[in-house]
Amino acid sequence: EVYFKNLSKQKQKEVMEKNGNNHKLRVCVATCNRADYSKLAPIMFGIKAEPQFFELDVVVLGSHLIDDYGNTYRMIEQDDFDIHTRLHTIVRGEDEAAMVESVGLALVKLPDVLNRLKPDIMIVHGDRFDALALATSAALMNIRILHIEGGEVSGTIDDSIRHAITKLAHYHVCCTRSAEQHLIAMCEDHDRILLAGCPSYDKLLSAKNKDYMSIIRMWLGEDVKTRDYIVALQHPVTTDIKHSIKMFELTLDALISFNKRTLVLFPNVDAGDKEMVRVMRKKGIEHHPNFRAVKHVPFDQFIQLVAHAGCMIGNSSCGVREVGAFGTPVINLGTRQTGRETGENVLHVRDADTQDKILHALQLQFGKQYPCSKIYGDGNAVPRILKFLKSIDLKEPLQKKFCFPPVKDNISQDIDHILETQSALAVDLGGTNLRVAIVSMKGEIVKKYTQLNPKTYEDRLALILKMCVEAASEAVNVNCRILGVGISTGGRVNPREGIVLHSTKLIQEWSSVDLRTPISDALHLPVWVDNDGNCAALAERKFGHGKGIENFVTLITGTGIGGGIVHQHELIHGSSFCAAELGHIVVSLDGPDCLCGSQGCIEAYASGIALQREAKKLHDDDLLLVEGMSMKEEEIVSAAHLIQAAKLGNTKAESILRTAGTALGLGVVNILHTVNPSLVILSGVLANHYVNAVKEVINRQALSSVKTVDVVVSNLADPALLGAASLVLDYTTRRIY
């Protein structure tokens with residue numbers, strides 16, 4: 001206090017001239033309990049010492065006014081502060097409801113006080129429920145708020161309250177660099193944040209050299225020596241009252257066993273505090289020769305007690321904050337202070353569920369001396385805070401502003417946005433065609449574009465980008481909001497990275513291709529990529545026969561043969577993303593060559609390319625065309641000609657299709673015996689031609705327990721496009737994929 005009375009008058013004059021007026025800042029300091037007063041008192045002394053700048057009003061509420069907690073308002077009077085208002089706001093009770101009612105009672109009483117005081121700014125400390133009532137009242141009554149110790153992290157409901165007060169406060173005084181960074185991350189204006197240190201450190205760092213033995217003897221007895229006693233301070237954890245009371249019981253048992261003189265302070269006024277006091281009395285702590293149980297110790301004396309203790313134990317923030325200034329060993333119990341920055345003097349026993357753990361911690365810590373820590377302050381917090389208060393311009397708009405980080409492609413919530421159809425951009429990259437479509441959440445294809453798939457990587461990627469950009473532009477005209485891009489492609493795909501790992505000869509120059517990055521960069525949208533067979537299965541799961549089915553398999557029959565396996569409602573990719581390469585199940589050891597490099601694969605028998613190959617052989621031998629068929633000279637022989645010939649009675653064509661159907665059926669039997677699905681869905685242009693053959697092979701070759709499986713033809717017109725869309729839409733609806 002003397003320091004502030006002797007501040008340079010010249011400096012004060014300069015600040016007044018800078019402000020351009022003689023208006024004194026009317027500051028209301030509201031204190032709720034003994035702990036917050038220890039932080040607020042140094043600031044109050046500083047304000048009081050500069051009457052030419054400030055008018056101070058003190059409001060006292062909360063546990064200060066309760067006899068069970070020592071009527072601590074008296075220490076405020078002893079410090080020669082005039083208490084403007086006393087508010088009885090604590091509703092007595094032993095559960096969470098009493099805390100809520102106390103907040104409500106404070107909210108009822110505070111408006112009248114604030115109307116009378118009309119402060120320019122209110123100083124609120126910390127994270128107690130009383131402080132939340134103060135901040136709420138001041139904010140709603142358009143009073144500026146300065147919050148002390150915001151941005152810190154701990155392990156209880158106090159965290160939520162502290163951060164709630166931060167959002168209500170206009171100015172912030174924090175104690176550590178980490179707390180400052182947390183406030184900035186919470187979108188608070190950096191210009192309104194002061195990294196000052198903890199105000200209590202201004203007193204702590206000059207306190208240790210004072211006479212202390214008389215204080216120790218007064219509270220602990222004449223025969224007690226320095227470093228040979230313990231200070232215990234433990235509070236209930238309101239989010240887990242039952243466990244915190246049990247932990248307190250174990251702590252007392254450990255202290256009794258440890259057999260050292262111990263000063264036990266009563267807990268805060270919180271849900272569960274009465275039960276903790278009952279535990280103390282049940283164990284006879286108040287009458288035990290080794291214990292002194294007290295409701296309150298004045299802060300000046302408490303400083304001396306912890307500074308010269310052999311150890312402090314409990315879960316009070318004082319243990320992890322202030323005590324570090326003296327290097328006194330601390331045992332922090334439970335999770336109440338989880339996340340706090342601590343010095344090396346603190347030993348954490350977070351899972352304090354046995355007496356032995358706590359006793360072992362006491363044996364490790366008691367009597368040690370650690371280096372002093374200045375994490376929370378350097379002793380100069382109050383001058384910084386006073387300077388900060390003087391810099392506040394009351395002419396600035398009262399409404400606080402938040403400094404949100406920039407958000408890419410932010411879309412405002414106007415009526416047009418709300419009425420837009422949420423949609424996906426779907427890309428199907430097949431062996432023949434490249435298709436892009438706008439697909440709605442309901443699976444409706446709003447717009448579709450088709451081009452031949454280029455033969456080279458560069459041309460293919462350029463065409464994909466061109467078609468996607470055109471489709472995205474068109475989406476605006478058809479009132480669709482594109483949520484992302486889903487790509488269905490042939491080959492083996494790493495869906496986590498959006499990379500095509502390897503492809504068969506169906507798609508040339510299509511290995512180790514990163515599709516996600518260039519498309520996402522061009523469109524500024526998230527991009528998902530997967531194999532075409534997997535996409536067909538996803539389409540069935542979202543829009544087709546697989547909807548609601550736990551285990552099913554999809555086989556897609558087109559230029560190649562692909563598939564997807566859904567097990568317990570989720571798609572199986574496998575350890576190297578090679579699961580469900582169903583087209584490459586080998587059904588004959590000496591069968592025709594496959595494009596994958598093997599022989600006898602299903603794809604070598606039943607794919608569109610395989611049928612086209614057989615059709616060409618028949619055509620070259622003049623055995624394809626029958627009565628009713630004709631081909632133009634320049635017309636390319638295709639699988640369609642083989643199917644047409646079989647329908648018109650060409651026995652050679654019929655035999656080829658029968659062999660293809662049998663190969664596909666044998667592959668399905670292998671699948672049934674491996675993953676045992678309840679449903680098999682045949683998809684693609686050849687599905688209708690194969691379904692009966694597959695059922696016959698199952699009936700003839702499969703084990704009896706799987707013969708009852710349902711085999712159906714997909715009713716989806718574009719399963720690959722719909723599957724690509726579902727990659728995006730499943731994410732949008734928060735389905736795990």
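Let me start with the surroundings of Asn534. Leaving aside neighbours within four places in sequence, Asn534 is in contact with Gly563, Gly564, Leu571, Ile572, His573 and Ala580, where contact means heavy atoms within 4.5 Å. Asn534 sits in helix 20, residues 532-543. Is Asn534 buried or exposed? At 4% relative accessibility, Asn534 counts as buried; buried means under 20% relative accessible area, exposed over 50%, and partly exposed in between, with a 1.4 Å probe and protein chains only.

A word on conventions. This is a predicted model, in which local features need pLDDT of at least 70, side-chain atom pairs count only at pLDDT 80 or more, and totals for chains, interfaces and linings use all residues. Residues are numbered from 1 along each chain as its sequence is written, and side-chain values use heavy atoms, with hydrogens and water left out. Helices (H or I, at least four residues) and strands (E, at least two) are DSSP runs, numbered from the N terminus.

Helix 20 leads us to a sheet. Helix 20 lies across strand 17 and strand 21, running at about 105° to strand 21. Axes here are lines fitted to C-alpha atoms, for helices over the stretch in contact, and angles run from 0 to 180 degrees between N-to-C directions. Helix 19, residues 516-523, lies across strand 14 (421-429), strand 17 and strand 21, and its angle to strand 21 is about 150°.

What is the order of the strands in this open sheet of 5 strands? The order is 16-15-14-17-21, and the pairing is mixed. Two strands pair if DSSP finds at least two bridges between them. At the edges are strand 16 (445-452) and strand 21 (527-531), each pairing on one side only. From one strand to the next, the twist averages 20°. Strand 17, residues 480-489, pairs with strand 21 in the parallel sense over 5 bridges, and Val485 has Val527 in strand 21 as its bridge partner.

Ser503 is found in the loop between strand 19 (499-502) and strand 20 (513-514). Ser503 counts as buried, at 9% relative accessibility. Apart from neighbours within four places in sequence, Ser503 is in contact with Gly490, Gly491, Trp510 and Ser511.

Next, two helix pairs. Two packed helices are described by the angle between their axes and the distance between the axes.

Helix 11 (residues 241-258) and helix 12 (residues 273-282) pack at an angle of about 25°, with axes 10 Å apart. Helix 11 and helix 12 are therefore roughly parallel to each other; the cut-offs are under 35 degrees for roughly parallel, over 145 for roughly antiparallel, 65 to 115 for roughly perpendicular, and oblique for the rest. Ile245, Phe248, Glu249 and Leu252 of helix 11 meet Glu275, Met276, Val279, Met280 and Lys282 of helix 12. These contact residues divide into 6 nonpolar, no polar and 3 charged, where Ala, Val, Leu, Ile, Met, Phe, Trp, Tyr, Cys and Pro count as nonpolar, Asp, Glu, Lys and Arg as charged, and the others, Gly among them, as polar.

For helix 24 (residues 651-675) and helix 25 (residues 687-701), the axes come within 8 Å and cross at roughly 55°. That makes helix 24 oblique to helix 25. Their crossing is right-handed. By class, the contact of helix 24 with helix 25 has 12 nonpolar, 5 polar and 1 charged residues.

Notes. Left-handed = near helix turned anticlockwise from the far one by under 90°.
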